[in-house]
Amino acid sequence: MQLGKPSRTAWGAAFHRAAHQVLEQGRIFADPLALRILGKDAGTVAREAQEHPSGRRMRIFIAVRHRFAEDALAAAVERGVRQVVVLGAGLDTWAYRTTLRDRLRIFEVDHPATQAWKRQCLADAAIALPSSLTFAPVDFERHTLAGGLAAAGFNRAEQTFFTWLGVVPYLTEEAVWSTLGFIASLPNGAHVVFDYSDPPASLSPEMRAAHEKRAAHVAALGEGWRIYFTTEELHGKLIALGFSEVEDLGPPQIAARYFPNRSVSLPEKGGHILRATTSA
């Protein structure tokens with residue numbers, strides 16, 4: 001991310017969410033605000049997406065990770081969650097369209113420059129801010145997540161759900177485990193959903209080539225991918241940290257859950273979506 005400027009990959013993720021609404025009619029993940037917050041019409045989004053057909057794989061993965069996260073969040077609210085933290089919120093619209101917002105306190109955490117940009121996008125789109133939402137600008141070069149949330153009024157004693165989508169690959173290992181350590185330390189139970197990728201060396205030649213192309217693109221934006229995990233090692237560390245339940249969907253599991261009638265073979269390795277939970 002360039003100093004003082006909003007995240008360009010946050011814009012890219014928002015574009016993919018909007019394009020999914022148009023090109024796949026939001027079949028995996030419905031977001032009625034995706035186009036509005038971008039300030040683009042459906043025809044423009046469709047045309048721009050179709051000019052880059054290689055983006056379809058990423059678009060579908062982004063739709064799946066939001067569907068997975070929001071389904072898990074809804075289930076957790078029924079089990080007692082009353083506080084939600086959207087880490088690296090970018091142009092995420094969940095807080096503005098969820099029917100659960102009157103039952104929750106919601107915190108959106110992001111870099112101050114990206115958050116200011118989002119607030120302008122919301123104002124331009126005339127998207128109302130719910131009373132349950134608090135913005136928590138955090139510059140991780142200067143402040144900790146714990147400090148930023150505390151300053152925003154976060155209650156450590158409340159059972160909390162964290163969504164952390166499209167962020168982990170851009171972080172250092174220290175930053176990832178510091179954040180997960182904070183989540184695991186909350187005394188009355190916590191949930192987190194995040195995505196990660198298998199190491200490039202484990203991918204098929206076709207997948208590795210696609211990965212390298214995408215990695216070069218985000219690096220050119222100043223937001224390169226930094227970290228990968230092997231599933232077994234990641235799960236072991238999460239359990240050691242205090243997470244008692246881990247659900248992890250890799251490509252085969254994603255296909256089985258969201259595309260059960262699709263007959264083509266899919267790679268074993270690639271992008272994963274993971275949910276981890278601590279006990280109260």
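# Briefing: helix contacts, aromatic pairs and buried polar residues

Gln25 is found in the loop between helix α1 and helix α2 (34–38); helices (H or I, at least four residues) and strands (E, at least two) are DSSP runs, numbered from the N terminus. The structure is a predicted model, in which local features need pLDDT of at least 70 and side-chain atom pairs count only at pLDDT 80 or more, while totals for chains, interfaces and linings use all residues. Residues are numbered from 1 along each chain as its sequence is written, and side-chain values use heavy atoms, with hydrogens and water left out.

**Packing of helix α1**

- Helix α1 (residues 8–23) and helix α3 (residues 42–50) have axes that come within 9 Å and cross at roughly 105 degrees. The axes are lines fitted to C-alpha atoms, for helices over the stretch in contact, with angles from 0 to 180 degrees between N-to-C directions.
- The two helices α1 and α3 are therefore roughly perpendicular to each other (65 to 115 degrees; under 35 is roughly parallel, over 145 roughly antiparallel and the rest oblique).
- On the α1 side, Phe15, Ala18, Ala19, Val22 and Leu23 make the contact, and on the α3 side Ala42, Val45, Ala46, Glu48, Ala49 and Gln50. Contact means heavy atoms within 4.5 Å.
- The contact of α1 with α3 comprises nine nonpolar residues, one polar residue and one charged residue. Ala, Val, Leu, Ile, Met, Phe, Trp, Tyr, Cys and Pro count as nonpolar, Asp, Glu, Lys and Arg as charged, and the others, Gly among them, as polar.
- The axes of α1 and helix α4 (residues 56–78) also come within 9 Å, crossing at roughly 90 degrees, and α1 is thus roughly perpendicular to α4.
- Ala13, His16, Arg17, Ala19, His20 and Leu23 of α1 meet Met58, Arg59, Ile60, Ile62, Ala63, Arg65 and His66 of α4. Seven residues of the contact of α1 with α4 are nonpolar, three are polar and three are charged.

- Arg17 is found in helix α1 and is buried, at 8% relative accessible area. Buried means under 20%, exposed over 50% and partly exposed in between (1.4 Å probe, protein chains only).
- A polar atom of the Arg17 side chain lies 3.5 Å from the backbone oxygen of Leu91.
- Neighbours within four places in sequence aside, Arg17 is in contact with Phe29, Asp31, Ala34, Ile62, His66, Leu91 and Asp92.
- Arg17 and Val64 are 47 residues apart in sequence, yet 10 Å apart in space, C-alpha to C-alpha.
- Asp31 lies in the loop between α1 and α2 and, at 4% relative accessibility, counts as buried.
- The side chains of Asp31 and Arg97 are joined by a polar contact of 3.2 Å. Such a contact is a pair of N or O atoms within 3.5 Å; within protein, one must be able to donate a hydrogen and the other to accept it, and residues adjacent in sequence count only if both atoms are side-chain atoms.
- A polar atom of the Asp31 side chain also lies 3.2 Å from the backbone nitrogen of Ala34.
- Apart from neighbours within four places in sequence, Asp31 contacts Arg17, Gln21, Thr93 and Arg97.

**Aromatic pairs**

- The whole structure holds nine aromatic pairs. Rings of Phe, Tyr and Trp (its six-membered ring) pair if their centres lie within 6.5 Å; planes under 30 degrees apart count as stacked, over 60 as edge-to-face and the rest as tilted.
- Phe154 and Phe162 form a tilted pair, at 6.3 Å centre to centre and 55 degrees between the planes. Phe154 is buried at 10% relative accessible area, and Phe162 is buried at 0%.
- Phe154 and Phe182 have ring centres 6.2 Å apart and planes at 50 degrees, so this pair is tilted.
- Phe182 is buried, with a relative accessible area of 10%.
- Trp164, Trp177, Phe194, Tyr196 and Phe229 form one aromatic cluster.

**Thr278**

- Thr278 is found in the segment after β7 (271–277) and is buried, at 7% relative accessible area.
- The Thr278 side chain reaches the backbone nitrogen of Ala190 at 2.8 Å.
- Residues up to four places away in sequence not counted, Thr278 touches Ala184, Gly189, Ala190, Gly242, Phe243 and Ser244.

**Positive phi values**

- Gln25, a residue other than glycine, has a positive phi near 55 degrees.
- Ala126 is not a glycine, yet has a positive phi of about 55 degrees.
- Ala126 is placed in the loop between α6 (112–124) and β3 (133–137) and is exposed, with a relative accessible area of 62%.
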